[in-house]
Amino acid sequence: MPPDIEAIAEQVFVALADPSRRAILAALASGGPATATDLAGRLPITRQAVAKHLALLAEAGLVTGEPGERRRVRYRLRSAPMQVAQQFLAALARDWDGPLDALRDHLSR
Amino acid sequence: MGFPDRIERVVEIAHPPARVWAALTTAEGLGTWFGNQATIDLRPGGSAEMTWTGGHTADMRIERVDEPTVFGFTWHIYGLPDDDPRRTYVEFTLEPVGAGTRLTVIESGFAQLPEDAYREAYDGNTRGWASELGELAGYLDAA
């Protein structure tokens with residue numbers, strides 16, 4: 001099955017649209033892998049809400065669960081889908097209209 | 001909407017291809033309408049550089065020189081970190097139309113990913129993936 005870049009980018013954008021999920025990603029980036037309980041202790045978010053956000057982040061491929069101590073799942077960041085989304089944005093951001101107008105002006109001088 | 005792997009623009013310019021070619025392929029031209037300053041070694045494999053007064057720089061590698069019809073180069077993908085090796089290909093095509101020129105610019109290759117990144121991005125086998133935390137942090141700051 002061919003990879004669907006656009007679907008991956010869309011999931012990343014949905015994931016990043018929520019401030020609590022951005023806070024969770026930032027906490028994993030600065031503090032390394034953590035369980036839902038760890039994250040709830042560090043962030044002003046309930047454990048239930050953290051678990052819900054982690055499930056969505058895992059579905060978007062931005063975090064991956066691994067077995068931790070006392071059978072608790074530890075979550076770790078994955079930046080691959082973020083890179084896919086960045087390339088999607090890069091294609092949209094490249095703007096040729098400005099330079100081509102400038103070229104026309106330059107030649108008309 | 002599909003993934004924008006390429007961007008295509010066509011403009012009609014009221015000047016003959018030879019003048020458009022000079023604007024595209026000389027340091028004087030590129031350093032005037034595109035960058036604020038430019039250098040260019042106009043041959044396949046040669047390098048070119050544009051700089052802007054704001055401090056931004058674009059490094060290009062010349063790929064095609066078919067005067068005065070096709071000029072192509074690759075450069076860094078806009079928006080990715082400076083050390084990312086991936087590049088897009090930009091090709092200008094000049095067609096005479098009456099006394100003027102139809103100029104087409106196509107930039108392609110936005111969808112490229114190295115094989116290992118594809119594998120990591122798309123299947124569940126994610127062990128051993130080295131997270132680029134600095135890049136992620138930068139992205140989150142900008143979001």
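Biologist: Okay, how do α2(A) and α4(A) stand to each other?

Modeller: They're roughly perpendicular to each other. The cut-offs for that wording: under 35 degrees is roughly parallel, over 145 roughly antiparallel, 65 to 115 roughly perpendicular, and the rest oblique. One caution: this is a predicted model, where local features need pLDDT of at least 70 and side-chain atom pairs count only at pLDDT 80 or more, while totals for chains, interfaces and linings use all residues. As for labels, residues are numbered from 1 along each chain as its sequence is written, and chains are lettered from A and ligands numbered from 1 in the order in which they are written.

Biologist: And what's the actual angle between α2(A) and α4(A)?

Modeller: About 80°, with the axes 10 Å apart. Axes are lines fitted to C-alpha atoms (for helices, over the stretch in contact), and angles run from 0 to 180 degrees between N-to-C directions. Helices (H or I, at least four residues) and strands (E, at least two) are DSSP runs, numbered from the N terminus.

Biologist: Which residues meet where α2(A) packs on α4(A)?

Modeller: A:S20, A:R21 and A:I24 come from α2(A). From α4(A), they meet A:A49, A:V50, A:H53, A:L54, A:L56 and A:L57. Contact here means C-beta atoms, placed from the backbone, within 7 Å.

Biologist: Which residues of α4(A) are buried?

Modeller: A:V50, A:H53, A:L54 and A:L57 are. They span an arc of only 105° around the axis, so they sit on the same side of α4(A); the arc uses the directions from the helix axis to the C-beta atoms. On the other side of α4(A), A:Q48 and A:E59 are exposed. By the cut-offs, buried takes 20 or more other C-beta atoms within 10 Å, exposed 12 or fewer, and partly exposed lies in between.

Biologist: What do those buried residues of α4(A) pack against?

Modeller: Quite a list: α1 (5-16), α2, α3 (36-42), β2 and β3, each of chain A.

Biologist: How many bridges join β2(A) to β3(A)?

Modeller: Five, and β3(A) covers residues 73-77. For instance, A:V63 has A:L77 in β3(A) as its bridge partner.

Biologist: What about α1(A) and α5(A), at what angle do they pack?

Modeller: About 105°, and their axes are 8 Å apart. That makes α1(A) roughly perpendicular to α5(A). The residues touching include A:I5, A:I8 and A:F13 of α1(A), and A:P81, A:V84 and A:F88 of α5(A).

Biologist: Now chain B. How many strands does its open sheet have?

Modeller: Seven, in the order β1-β7-β6-β5-β4-β3-β2 with antiparallel pairing. β1 (6-13) and β2 (37-40) of chain B are at the edges. The twist averages 20° from one strand to the next.

Biologist: Where does α6(A) come into it?

Modeller: α6(A) packs on that sheet, touching β1 and β7 (100-108) of chain B, with its direction at about 20° to β1(B).

Biologist: Where are the hairpins in chain B?

Modeller: One is formed by β3(B) and β4(B), with five residues between them, and B:G55 in that turn has a positive phi of about 105°. Another joins β4(B) to β5(B) through three residues. β4(B) and β5(B) share six bridges, and B:I62 stands opposite B:F73 in β5(B).

Biologist: Last one: where is A:R94, and what does it touch?

Modeller: A:R94 lies in the loop between α5 (80-93) and α6 (97-108) of chain A. Setting aside neighbours within four places in sequence, A:R94 contacts B:I7, B:Y78 and B:E107. With 16 C-beta neighbours inside 10 Å, A:R94 counts as partly exposed.

Methods:
Two residues are in contact if their C-beta atoms, placed from the backbone, lie within 7 Å. Two strands pair if DSSP finds at least two bridges between them.
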